[in-house]
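I opened my notebook to see what this model would show me. Here are my entries, in the order I looked things up.

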Amino acid sequence: MYEGGPKKLRNSFRANANPAPDTRHTVPDPVCDPQYYKQYYDECKKEYDQIASICSRMTLWRTLSFLIGILLLYNGYAHGSSALCACGAALIIVFLLLVCRCHALCARQRFLADCQSVAQDYLARFDDGWKQFPVHGTRYLHEERKESADLDLFGRHSLYQYICTASTIWGQDRLAHWLNHPTKQAKEILSRQQSVKELAEKPAFTMRFEALARILRDLPYEEARRAADCFFEAHGNAYRPHIGSRVVLRLFPAATLFLLFASLLETYRQYTLPVFFLFACFQLFFALLCYSRNNRVLSPVYSANRTAAPYRRLLESLEQESFDSPYLCGLQKELCRKNSASAALKELESITQAVVIRHNIYAFLLYNCLFLYDFRCVIRYRCWQKNYAQEFRAWMEIIGKIEALISLGVLSHTRRTHTLPELSEPPCPQQTQASGTAAPMLQAEDLKHPLIGEPRAVGNDIDLRNGTCLITGSNMSGKTTFMRSIGVNLVLAYAGGYCTARRLCVSIMEVCTSMRAEDNVNEGISTFYAELLRIKHIIGVSQKQQPMIALIDEIYTGTNSKDRIFAAKETVRNLSRPYAIILLSTHDFELCDLESDNLVHAKNYYFTEHYDQNQILFDYKIRKGRCQTTNALHLLRMAGILGD
């Protein structure tokens, strides 16, 4: 699996004890093949099991070396044998070395376990296992963004749950922002596409990056967000020790240590020992006096102890990788623009470890008696803030962007039918308004819904320009799924990610939907009125005279058929603009007559079904023209509601 192969496992342990090595995988690049991830998982598990075997043997040798070493030291001291003492000391040193090695191997074992977890997640995306992923983005569903709920962008069984590989709060937030607020800048979309494509072609790097970040997923989002906010807030509120305290910080520990060594060497011990205790008590009193103030400064640092090392490894991984796309190169350059980001995090990691020590009551008393330890931690942290505080948030955002870009490339690893969409303007310059707004267009070949398993997903071809598409068809024939396929793939396209189609060419448009209008008893809003509000919003967007696409499912189902047909026709006429594409599904065949209305520019499409041995079968293929079949009566008979 790793460079050098599993046969050189022990040599690799000796050469590199880093739990997150920069080794590269030798298995071939994945071509949407579960076997790649199965092989990846098996190799990780094999190495994990080998480490477990080594650690169990080390535990035995560690125990023996400690016990024998203590026994030799005791006997050497009792019999005055320097040879036995030397052997005992050597065995104690061996014990300490084995402890360090075992700790390194356990850290690598954790990394390999995270690698296995990443591989399992990719395997789960080939079936319905992804629906159990813990990160589903429900927190990003907002009332003002109804399209997110209509298109299943967030929440359980959503697009976000499927593609999100981010473990950090920065990556999860960034991916949600790109999906919820698609950019309208073609240059930015193309820049992201280049980066997504390059990262998708680096499966070894991306899976290693995901594994390095996986430990950060153990921290609940709300807790991680509070800790991050507290940490950044502390940047502006850090305590600055007075000049007098700095003098005390230097002189008193030096004097205390001098007196300690003098008393140990029995130099004027009757004087040095009492003065030493006096100085030690004074330093401890001073530390206790300023404990609350120091603690306010150091508490956020203590909270960062769990995350400093994982973030440092992520930054190291980014700094050491080579990139070609301008966007990724720019992010990498920003990490090293002023100071090395990983070096800064390594220093912060050291500070957090020092701060953790002070939370041990015995260490707190001893270190503050001798060194004024709390004040030294504050000074170190203050120096770190001065050098790196302004860049730190930007570094975290870069990690988030990389995670979001990796997530946008997930479909290229799990779906054979995938493509990076082309951004295009209409081929005819005449198709513009007096205002200069270009007519929108959407061309797709074999367009599929990304959340339907590929063996079951049915692709459709579509070529749309400005105008209205009236989609009819019987129940469960695929009308709504088809419209959602368009909407979800457009969101992915504008985020810069892969789409599930053989080819997709789109112009940049505002995506509006009215698909899941629900009543609200508390606010006295009926289903019909809720849909009216959604349609009103779509009309409001159309008045901006910017390219847009509206997906309206089962229009005005909350009212009687006569009013529904009249209202639907007027709505279509209102929305029929040169810069708008309208897709509207309906069971009212009367709306198909709009095709003959020259002001509407409507076209009819339909889905149909066929019957085989009293079963309804659907092919989920869209066709031009009007639907000629219905299946409601047949469904009633199948449900036993209507007799034969």
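**Helices first**

I began with helix 15 (residues 341-357), which has 17 residues and reaches 25 Å from its first C-alpha to its last, close to the 24 Å expected at 1.5 Å a residue. I kept in mind that this is a predicted model. Next I listed the buried residues of helix 15: Ala 341, Ser 342, Ala 344, Leu 345, Leu 348, Glu 349, Ile 351, Thr 352, Ala 354 and Val 355. A reminder to myself: an α-helix has 3.6 residues a turn, so residues three or four places apart point the same way.

Then I went on to helix 16 (residues 361-371), where Ala 363, Phe 364, Asn 368, Cys 369 and Leu 370 are the buried residues. What caps the N-terminal end of helix 16? I found Asn 360 there, with a side-chain oxygen 2.9 Å from the backbone nitrogen of Tyr 362. Just after helix 16, I noted that Leu 372 takes a positive phi of about 50°.

**An arginine to check**

I looked up Arg 214, which lies in helix 8 (residues 203-214). Is Arg 214 buried or exposed? The cut-off for buried is under 20% relative accessible area, and Arg 214 counts as buried because its relative accessibility is 7%. Its side chain makes a polar contact of 2.7 Å with the side chain of Ser 117. Not counting residues up to four places away in sequence, Arg 214 also touches Asp 114, Val 118, Asp 121 and Ser 167, besides Ser 117.

**The cores**

I turned to the largest nonpolar core, which has 128 residues. Ile 163, Leu 179, Trp 395, Leu 442, Ile 549 and Leu 583 have the most contacts inside this core. Helix 17 (residues 373-408) gives the most to it, with 16 residues.

Leaving aside neighbours within four places in sequence, Ile 163 is in contact with Arg 125, Leu 175, Leu 179, Ser 407, Leu 408, Val 410, Leu 411 and Leu 492. I also wrote down a second, separate core of 22 residues, which includes Ile 555, Tyr 556, Val 572 and Ile 582.

**A hairpin to finish**

Glu 609 stands opposite Phe 618 in strand 11. The hairpin has 2 residues between the strands, and Gln 613 takes a positive phi near 50° in it.

How values were computed: Residues numbered from 1 in each chain as written. Predicted model: local features only at pLDDT ≥ 70, side-chain atom pairs only at ≥ 80, totals over all residues. Heavy atoms only, no water. Pairing = 2+ DSSP bridges. Helix = DSSP H or I, 4+ residues; strand = E, 2+ residues; numbered from the N terminus. Buried < 20%, exposed > 50% of the residue type's maximum accessible area, 1.4 Å probe, protein only. Polar contact = N/O pair within 3.5 Å; in protein donor to acceptor, adjacent residues only side chain to side chain. Expected span 1.5 Å × (residues − 1). Contact = heavy atoms within 4.5 Å. Core = buried A, V, L, I, M, F, W, Y, C linked by side-chain atoms within 4.5 Å.
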